[in-house]
Amino acid sequence: LFRTPSRVLAFVRVKPTAHFAQDMIRLGADNKSIDIYIQKSPRGGVVNNSQTDWSFKLDGVLHNTSQEMVYETVAKDLVCKALQGYNGTIMCYGQTGAGKTYTMTGTSSEYRNRGIIPRAIQQVFKSAAAFLNILVTVRISYLEIYNEALFDLLAPALGRGCKDNQLCVMDGPQGVYVKGLSIHPLSLEFSLHWQGETNRVIGEHSLNKNSSRSHCIFTMYIECRSRDYTNHKCLKSKITLIDLAGSERLSKTGSEGQVRVEASYINKSLSFLEQLIIALADPKREHIPFRQSKLTHVLKDSLGGGCNTALVTNIYGEAEHVEETLSSLRFATRMNWVTAEPVPNEPFYREPSVKALEEEIQLLKQELIMQVNLTSHSLMTYNPLTTAQRAEIRSQVQKYLRGVIEEIDIVNVRQIQEVFRQFKVILRMKPHQPKVPSRIWKRKRKMKRKMKKKKKKKKRRTRKRKRKEVTRTVMKSPQSNPLRMPRTSSRFSLGGSKSLFPEGALHWVVFPECSSKARGRDLEICRNTGQEWWWEPHMVVVGAFEVFKKETGQEIHRIFRDNKRILIAKKKGSHSVAQRLNSLKEEMEATKEALEAQKRKRRQEGEYTDEKGQVIIDEQEFSLIVKLKELKEEHKAGFTELKDLKAEIQYCQYLVDKCRKRLISGTE
């Protein structure tokens, strides 16, 4: 079958900036072209033939676009094709700090800023829920290439420097694979991916505070088969999502030490990747250098060939990075020259593998019987024990327990299992021992309960005494307190409508070292008596959380409130959908009862059939059948909606918890 080759899709995403170089970077009106203009350098002299204009034609230019629009443009069709049996690859390339990880993964602080990976997982699960007769199984792996070494991000126990972490790239009959890489089933949409993200290596330099120092390859393995096993065909496909580390110019990043070593490894592997793309784009090239680096070797089956491939090139829009932008656009153009012939994977049958295993078991049994005959163990058998054999084993066990025989001859595994079973039967038939130990245990438990009561009473008395002492200490007058701070900086009142703390002061307050209930009581006493609190030893900073929210942590607190608002809205939506489903279920039950009553009435009055022998029903019964069908369809759609909402609630809850932790850590 002749297939028309298609080019690899290449997109460019421009990082938003307030200093966009409009005189040097011009975006086409069709959102598919980009022009670069660089003035000639005066150091070139009078005769300067250096090029000043470049024009690039691509599949799309994404400027000031949301994460959702990027996913719709780049990945949505590719994921749909993967569910039909086609392999797919999406790769993010560009300069360091240009937004590759943001495009691929997104941010964990806001739900709407999810990247390609979490959205692709969500699309696969939504599509799987819509299939009626097809069961979709999803498994994932997460590989990191750091300084030309392979690491499994989903197996943090095998960390860097561990001798057992021996991952290597292998060529097999089914293609390239990583030996030792763990593959995990994915039953929830947002479970393992974020765990892998936290295990990545990041560094800091002048262009990016959270720079990825490694290449990461996230792979989803999708398997589709029949739910009722009527069709034994099974269809497999995979989606490979690649987040490359950014290319760096050491003169701009100012990297030193370990970061400089990492940059050299990153630039070297990206150079080999560019050589590979140039070779793939040349149709006359015979040798393709896949084995130059670990990155190119792993991507042997993912670049071009028989899978759908898309590239997202992230660039800066500022004038100071125009040379790196030009280099990234050249790479995108070369990638656009690569041709691919996407071929769907062939369905395979599970049944032959089961038959092969059964045949192998039968052959092994025959080999065991032959071995028995050769060693003259005529008593050995692999068939189930007969009643006579069981009785003989029971007799041997009883003789062994009475001391008549010293040992029992072992013939096979089935005999060992039967011996143990007979021991269990005899042990159960043994008479019960006197109940003296139980009385002793009751007495011990009674003593323990008494000791616990005494300890609780003692603790209560201690807490009361401490509260009295603290109240006396805290409520004493300022003149009698030798450790008080100046009145202008340390004093504050718990009542009134004025500000709690004076401006420009360090705010402290006494809290006794006792339970939260006691602290609340003391505060209430202070409010009621109109007394003031004074600085004492062992104090706790109060108001730091409010200060952090209003000053340094203002942005994260805003994100926290937004995420919490989204979470509450999602929960309300889920509650309303659940109520609607319950009402639909009640209506379905009522309709079923009415339909059954109508059928019974029809049988009692007598049934009429047409020429083909089919039973004729009246309009009322037909309307009930149609209504029940519509209710079932509505219930199914609502159930799918509820499942999606639960997944989104889980993800929003994760974001809220993460923001809350950041607020607490910032306050500390």
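How many of the 15 residues of α4 are buried? I counted 12 of the 15, so α4 is largely enclosed by the rest of the structure. Buried here means under 20% relative accessible area, exposed means over 50%, and partly exposed is in between (1.4 Å probe, protein chains only).

Ground rules. I am working on a predicted model, in which local features need pLDDT of at least 70 and side-chain atom pairs count only at pLDDT 80 or more, while totals for chains, interfaces and linings use all residues. Residues are numbered from 1 along each chain as its sequence is written, and side-chain values use heavy atoms, with hydrogens and water left out.

Helix α4. I took helices (H or I, at least four residues) and strands (E, at least two) as DSSP runs, numbered from the N terminus. The buried residues of α4 include Ile116, Arg119, Phe125 and Ala128. I then checked the length of α4 (residues 116-130): its end C-alpha atoms are 21 Å apart, in agreement with the 21 Å that 15 residues should span at 1.5 Å a residue. The expected span is 1.5 Å times one less than the number of residues.

Helix α17. I ran the length check on α17 (residues 554-605) as well; its 52 residues reach 76 Å from first C-alpha to last, close to the 76 Å expected at 1.5 Å a residue. After α17 comes glycine 606, with a positive phi near 105 degrees.

Strands β4 and β5. I found β4 (residues 33-37) and β5 running antiparallel, joined by 5 bridges; strands pair if DSSP finds at least two bridges between them. Serine 33 has lysine 57 of β5 as its bridge partner.

Aromatic pairs. I searched for rings of Phe, Tyr and Trp (its six-membered ring) with centres within 6.5 Å, counting planes under 30 degrees apart as stacked, over 60 as edge-to-face and the rest as tilted. The structure holds 5 such pairs. One of them is tyrosine 93 with phenylalanine 331, stacked at 3.8 Å centre to centre with 15 degrees between the planes. Tyrosine 93 is in strand β7 (residues 88-94) and phenylalanine 331 in helix α9 (residues 322-337), so the pair ties together parts 238 residues apart in sequence. Both residues are buried.

I also noted tyrosine 651 and tyrosine 654, stacked at 6.4 Å centre to centre with 25 degrees between the planes. They are 3 residues apart in helix α18 (residues 619-667), which means about one helical turn separates them. Tyrosine 651 is buried at 0% relative accessible area, while tyrosine 654 is partly exposed at 27%.

Charges over rings. I required NZ of Lys or CZ of Arg within 6 Å of the ring centre and within 35 degrees of the ring normal. The charged end of arginine 114 sits over the ring of tyrosine 111, 4.1 Å from its centre. Lysine 81 has its charged end over the ring of tyrosine 86, 5.3 Å from the centre.

Cysteines. I searched the whole structure for disulfides (cysteine sulfur atoms within 2.5 Å) and found 0. Cysteine 80 is partly exposed at 31% relative accessible area; cysteine 92 is buried at 0%.
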